[in-house]
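Dear colleague,

Please find below the structure I promised to pass on to you, together with its sequence. My notes on what was found follow.

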Amino acid sequence: MGDSLEMLGSEASMATETRIKSDLCLEIDPPLGETVATAEDWRRALDKVVPAVVVLRTTACRAFDTESAGASYATGFIVDKRRGIILTNRHVVKPGPVVAEATFVNREEIPIYPVYRDPVHDFGFFSYDPSAVQFLSYEEIPLAPEAASVGLEIRVVGNDSGEKVSILAGTIARLDRDAPHYKKDGYNDFNTFYMQAASGTKGGSSGSPVIDWQGRAVALNAGSKTSSASAFFLPLQRVVRALSFLQKSIDLCTDKPKAVHIPRGTLQMTFVHKGFDEIRRLGLRTGTEQVVRHASPPGETGMLVVDSVVPSGPADKHLESGDVLVRVNGTVLTQFLNLENLIDDSVGQIVELEIERGGQPLTVNVSVQDLHSITPDHFLEVSGAIIHPLSYQQARNFRFPCGLAYVADPGYMLFRAGVPRHAIIKKVANEDISCLADLVSVLSKLSRGARVPLEYMSHSDRHRKKSVLVTIDRHEWYAPPQLYTRNDSTGLWDGKPAIELAAVSQPIDINGLPISQNIPLCHHDTEPMHEVRGVTDTAATMGASSGDGSLNDFGSEAKKQRVEDDSSDGTVANASLYGSELKSDDAMETDNTVLRDYEGATAFSANASLAERAIEPALVMFEVHVPPSCSLDGVHSQHFFGTGIIIYHSSSMGLAVVDKNTVAISASDVMLSFAAFPVEIPGEVVFLHPVHNYALIAYNPSAMGPAGASVIRAAELLPEPALQRGDSVYLVGLSRNLQATSRKSIVTNPCAALNIGSADSPRYRATNMEVIELDTDFGSSFSGALTDEQGRIRAIWGSFSTQIKYSFTTSEDHQFVRGIPVYAISQVLEKIITGGNGPALLINGIKRPMPLVRILEVELYPTLLSKARSFGLSDEWVQILVKKDPVRRQVLRVKGCLAGSKAENLLEQGDMVLAVDKMPVTCYNDIEAACLSLDKGTHSDENLNLTILRQGREMELVVGTDKRDGNGTTRVINWCGCVVQDPHPAVRSLGFLPEEGHGVYVTRWCHGSPANRYGLYALQWIVEVNGKKTPDLNAFADATKELEHGQFVRIRTVHLNGKPRVLTLKQDLHYWPTWELRFDPETALWRRNILKALK
């Protein structure tokens, strides 16, 4: 119910006042009534009450206003059996979209729908069909607010701490407690008194009836203080009024449900009740006090004082904090209830307020506003973000005017830009945003991939506006912007496109250029390969190599040549969103000036080594964001940074290499910032090595303009000779502010074998890899490259991710950096440039055949020969292996086979791999070379002949290999809010797949979804849907397409630990349609397809 620290903090500051007020309350509260109830009376009352109390299971489908998306339990009770009305708290009914069910004491479950939630006070109503309750006899619980009194013995009946029926006893101690303060940025009730009792209620009891011995509800349980047994009850006077309007509305509705209108007025201000002693200190005149005391009921101890006024509200500029309210429309008012009754009956009218300000009497006329008009009933969903008009609740919390564009959830697009939750959007694309309609209008003008400035304000730093760059999703990570509007007649929020389809621009490439439908296929001779190990097209570097004079020669001829090149690539020259548009002569001269200034600024970097100066034009900083909607393959974060190296750079394509702890999956948004030129451009993941810890990212050199493209150079890769122990290298990297840094180091271990254990949530981990270790920890906090003195790349200094487990339940992610040999990188690079043997991929408008990598899907680990003897390795084999590799002196053993691989049923844990095709093997590189030789041979053999040692026996085995592309996971399905995919290699490396056809793997789930509501969480396989096996995504898609909205579905799952489970969930296509996300190699875009939705 909120942060107890926040709540207690606000109360502790008033400790003295609260104690004095409490003492006074004990003297002036109504006299204690004699308790005549017996145990039998309570038994009869509870027998009548318990059947009318229901357990509410609610799911907030979207974050909205003060509430986050999620599933929870609460309590409600029947207040009108004939009409089907359940009373509970406002924070249970939720201000936004909610799906709920009520469970009666006999375990009957029925759907319920919200019909009213009060904008201010903590109560609301659900509606249900009374005929749906078939097996239970129950009666409604009458409301008796007048029966509440100090000393009244009460019972709180509800779902407390997850118990289905819990009855807690207590005694009402106060009737005039201030409304509890739960959170500074969340829901808080105000302008009302609360009751207090020591009943010890806990989570789940919200909405419970507080009953007397006659079975009447005298209050509504709302909250509690976590540090004590105090519970807070809402008085029922306002509830009775709202229920009366609701009952009349239902009686008048004969054919179909219609929205209920309950008049509510507001002055957009908060009052507090203060005692006469404090009001005198505020300047109240003695004569005024005498008038008030004479006109008030006996026992009145104070008056209402203005606490806060919402900016731009009806009372703004009229009333101030500290004003003492004397009369309203000529009537003395000292109680919240009387004031609210008058305000609610005066909507649209002018009320006259007589106040005293510092002892000076004033009379002001204020217009009463319709409270529902400032209560948001619609929201915009864009890229996972929820944006709606700022509500009265949050406007009061943050002191902003109502109606501003408020971020209830930043989703992906705004989170990527750094916009926090609770932010107020003020400008987008340099256009003022005063309301949600303004924001929709601006978004309708922006195309996918556009980068525009956004200005926002935060309540925590309200006096400064912050400006960020927001990027409109280029890929279809999320559905097009939807505008949801509350439908009070159905209890649902109806969605419709926020932007007309005609306004949506055509697909664009990574530079914002429209993608042509006629895309040429690039063959190996389309682009000459000047140098395999680090490639730079001479045409792209002629400006930089010619000095400043040639830079000034980029005139009309250069622009013309560039237009022709772009046309030949099948793209249309057009205005780019990233600065790659065709520039005028003045603009190009400006670029050249910037280039000269930048070169001048960097040419005199102090103490820069030759290697650093040589490699700096190839250094690039990566910033990677992963959309939550497709957090695939167990990726452990949404945001990554890392340094990469440019290894190919031509007029039509650039390639950079970076570790997979920076670019973990292909479903990512990648931005590149270059050390040699101040420009930031997007990139696309084109290759993820299935084994080694590196990824290749493509970028379009034309996106950085001629000046930038001319100073960028590809580094030269030097895979041979391999580094040896004692070799000198230069460790070069980039800081976050793009400053190159370097240090000379010594190789201490050129072939350290990695041994990274599986994480709690399986994700990529480097296996079958040898890395390079240095003699210094200088590069422990950044990534980069290891070079020789000439700046040639000997290894990539890459980041690795592991998980340190402190106990069975406690673990922590850990990062470390090591050197990655470049031999595997140069092999793949050559195949990309000359044309690979795999499917084509669109890169910068040109289709390029990509390479396939042949691997043996077995995880190996090295064992020293001295230890291998104890496992039965013969002296003959020891001599053979020592002769083969006198440095390592090791043998490879099988740690496990990937589940579903060709080696799974052939190799066993502990097998020693002695030779491949009669050639001794001692390291991972030997296995890779043997796999590579299969592709170079003229025959189509895909098997390796292994010589192994198993339990002291030498054996010959024929083991199949597998070909893998570099695309990673390219398809995902979102069903009922859970994200499913085919089991990825990190899961398969656990060595287990369900026997029931392997199944589809749940990689994540969404808050507020049916998966959240019914417990279909990650780290398990779905193997059956309503009895139909789902061995793969196609079978799963076919099975779920047959399911209808609101249908209960029987799911059979198997957890990672092998434990099977059967659960049921209710499909909700209204808020959670079934969709899939696929990578389309024809357009190099991720496409979203709806598989099942409401018509």
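**Findings**

In this predicted model, strand 8 (residues 166-178) and strand 9 (residues 193-197) run antiparallel and are joined by four bridges.

Helix 3 (residues 39-49) has Asp41, Trp42, Ala45, Leu46 and Val49 as its buried residues. Seen down the axis of helix 3, these residues fall within an arc of 125°, and they therefore line one face of the helix.

Isoleucine 772 is located in strand 39 (residues 770-774). Its relative accessibility is 3%, and because buried means under 20%, isoleucine 772 counts as buried. Leaving aside residues up to four places away in sequence, isoleucine 772 touches a set of residues including Leu723, Val747, Leu786, Ala795, Trp797 and Pro821. Arg818 and Gly819 are also among the residues that isoleucine 772 touches. Between the C-alpha atoms of isoleucine 772 and valine 817 the separation is 9.5 Å, with the two residues 45 residues apart along the chain.

Glutamate 1076 lies in strand 60 (residues 1074-1080). With 6% relative accessibility, glutamate 1076 also counts as buried. The side chain of glutamate 1076 makes polar contacts with the side chain of arginine 971 at 2.8 Å and with the side chain of arginine 1078 at 3.1 Å. Not counting residues up to four places away in sequence, glutamate 1076 touches Arg971, Val972, Ile973, Arg1087, Arg1088, Asn1089 and Leu1091.

Finally, a word on cysteines. How many disulfides are there in the model? The count comes to zero, where a disulfide is taken as a pair of cysteine sulfur atoms within 2.5 Å. Cysteine 61 counts as buried at 3% relative accessibility, and cysteine 897 counts as buried at 10%.

With kind regards

Definitions and conventions. Residues numbered from 1 in each chain as written. Predicted model: local features only at pLDDT ≥ 70, side-chain atom pairs only at ≥ 80, totals over all residues. Heavy atoms only, no water. Pairing = 2+ DSSP bridges. Helix = DSSP H or I, 4+ residues; strand = E, 2+ residues; numbered from the N terminus. Buried < 20%, exposed > 50% of the residue type's maximum accessible area, 1.4 Å probe, protein only. Arc of directions from axis to C-beta. Polar contact = N/O pair within 3.5 Å; in protein donor to acceptor, adjacent residues only side chain to side chain. Contact = heavy atoms within 4.5 Å.
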